[in-house]
Amino acid sequence: VFHSEILKDEAMARLIELGKVSDAENFLARTFQSPASIRAGDLIREWMEDAGLLTWVDQMGNVHGRYEGMNSSEKALLIGSHLDTVIDAGIFDGALGIITALSALKVLRINGMLTKLKRPVEVIAFSDEEGVRFQSTFLGSAAIAGVLPVSALHIHDKSGITVKGALRNNSIEITEAELLQLKYDPESVWGYIEVHIEQGPVLESVGLPLGSVKGIAGQTRLMVTVKGSQGHAGTVPMGMRKDPMAAAAELILLLESLCKKPEEYLSYDGHCSGSVSPYLAGSLVCTVGEISAWPGASNVIPGQVVFTVDIRAMDDQGREDVLYEMSERMHRICDKRSIVCLIERKHDANAVACDPELSSQLKSAARSSLERLSGEEIIGGGVPVVMSGAGHDAMAMSHLTKVAMLFVRCRGGISHSPAEHVADEDVLAASTAVLTFIGTLV
């Protein structure tokens with residue numbers, strides 16, 4: 001039986017309810033181990049139990065719901081996404097992948113098909129994908145994939161609380177040895193799938209609700225510290241200043257130019273060759289999203305300016321080339337201005353290719369669910385293949401097992417904003433695709 005009231009209406013109601021669980025009064029914000037993230041986890045556990053799953057929370061705060069199926073020793077299908085959000089977030093990012101999976105499993109339970117699953121199915125709501133609090137993405141999924149370094153327990157947020165401390169504040173004790181034990185045995189996992197809003201405009205532009213993801217761009221996050229000479233804004237002549245703010249402005253403009261036209265900056269053997277890969281030129285994006293000055297007063301020439309840099313591209317070697325060229329040129333600018341410039345790499349993730357076979361299975365489940373919903377056969381594509389410029393938990397999980405992703409159309413391509421929106425019918429399409437995919441395991 002097809003239960004659209006669960007796959008669409010209840011799923012949408014749950015997304016709205018989860019979207020109200022926030023640490024802020026007037027906007028949505030849930031960061032790693034914050035009070036709202038704990039409440040959100042409790043709510044998700046209730047919905048997991050409602051779908052017939054056995055639930056638990058691990059020592060990195062990930063929320064799990066599992067059904068063993070007919071043979072608990074078979075390799076498990078993992079389905080996941082994240083429960084944390086950015087600041088002033090929309091209600092679909094992360095949550096959509098969790099809710100659609102639970103809706104699909106609930107329908108299987110009601111239809112009596114859950115007991116007939118040939119392998120275990122586990123839904124995981126990851127505790128941290130956005131990296132807002134600790135500037136370190138994928139704390140949750142990287143721990144399960146076994147790629148989170150034990151040093152991550154000791155990084156601290158802006159108030160000096162460490163990851164370990166944040167967990168302890170919620171009565172979760174974790175040692176370095178226990179962190180290593182969170183890694184799943186690759187032999188126990190069959191594959192990982194993730195449904196996520198596209199966060200871009202491609203699906204909307206082609207007028208289709210679902211897209212199969214070919215791969216995810218690699219990413220580097222930097223923190224750049226520019227140190228100059230602090231002084232009185234009224235008494236230090238312009239020619240005698242070592243102003244880190246003016247230097248930072250020049251560095252940021254350099255970054256923008258380099259990323260807009262990498263082919264004009266990346267020269268090989270001193271010659272500008274046209275060998276910048278189209279993969280790099282077509283996918284390279286760079287952002288300075290955060291900047292702060294010390295001491296931060298209008299009548300003081302700052303002594304220090306710190307800003308973040310986020311660089312993404314599908315071509316890993318190209319991204320490295322950009323980073324090398326950028327840091328060489330940044331140091332030259334700082335030297336010319338007699339300013340000290342420190343560039344720290346805070347996060348690195350290589351580009352990830354989704355598994356062709358698993359992607360093909362997920363894509364055909366999406367296609368047949370769209371045919372089921374429309375009541376007619378789809379001629380031609382129906383489910384386009386797209387790239388992801390945003391990082392997702394699937395990147396971390398790719399170190400553990402084969403991964404596949406399904407993108408869902410979002411209005412205007414807007415995400416990381418309260419204006420983020422997915423139509424009810426597209427939520428239904430996504431839930432139905434997951435239901436159809438899990439149904440192939442019966």
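A residue is called buried when its relative accessible area is under 20%, exposed when that area is over 50%, and partly exposed in between, using a 1.4 Å probe and protein chains only. The structure discussed here is a predicted model, in which local features need pLDDT of at least 70 and side-chain atom pairs count only at pLDDT 80 or more, while totals for chains, interfaces and linings use all residues. Residues are numbered from 1 along each chain as its sequence is written, and side-chain values use heavy atoms, with hydrogens and water left out.

Aromatic rings make a friendly place to begin. A pair of such rings is described by the distance of the centres and the angle of the planes. Rings of Phe, Tyr and Trp (its six-membered ring) pair if their centres lie within 6.5 Å; planes under 30 degrees apart count as stacked, over 60 as edge-to-face and the rest as tilted. By this rule the count comes to 3 aromatic pairs. One of them joins Phe32 and Phe134, whose ring centres are 6.0 Å apart and whose planes meet at 75°, so this pair is edge-to-face. Because Phe32 lies in the loop between α1 (4-18) and α2 (35-50) and Phe134 in the loop between β4 (121-126) and α4 (139-145), the pair ties together parts that are 102 residues apart in sequence. Here helices (H or I, at least four residues) and strands (E, at least two) are DSSP runs, numbered from the N terminus. Phe32 has 0% relative accessibility and therefore counts as buried; Phe134, at 5%, is buried too. Another pair, Phe126 and Tyr192, is tilted, with 6.3 Å from centre to centre and 50° between the planes. This pair links distant parts of the chain, with Phe126 in strand β4 and Tyr192 in strand β5 (residues 189-197), 66 residues apart. Both Phe126 and Tyr192 are buried.

The cysteines come next. With a disulfide taken as a pair of cysteine sulfur atoms within 2.5 Å, the structure holds 1 disulfide. The bond joins Cys259 to Cys286, with an S to S distance of 1.8 Å. The torsion about this S-S bond is about -80°, so the disulfide is left-handed. Cys259 sits in helix α8 (residues 244-260) and Cys286 in strand β9 (residues 285-287), so the bond ties together parts that are 27 residues apart in sequence. Cys259 is buried at 10% relative accessible area, whereas Cys286 is partly exposed at 22%. Cys334 is in no disulfide, and the nearest cysteine sulfur, that of Cys341, is 3.2 Å away. At 1% relative accessibility, Cys334 counts as buried.

Cys334 also belongs to the buried residues of helix α11, among them Val322, Leu323, Met326, Met330 and Ile333. The expected span of a helix is 1.5 Å times one less than its number of residues. For the 21 residues of α11 (residues 316-336) this gives 30 Å, and the end C-alpha atoms are 30 Å apart, which agrees. Just after α11, Ser338 takes a positive phi of about 55°.

Finally, Thr308 is found in strand β12 (residues 304-313) and is buried at 15% relative accessibility. Contact means heavy atoms within 4.5 Å. Leaving aside neighbours within four places in sequence, Thr308 is in contact with Gln135, Leu222, Met223, Thr287, Val288, Gly289 and Glu290.
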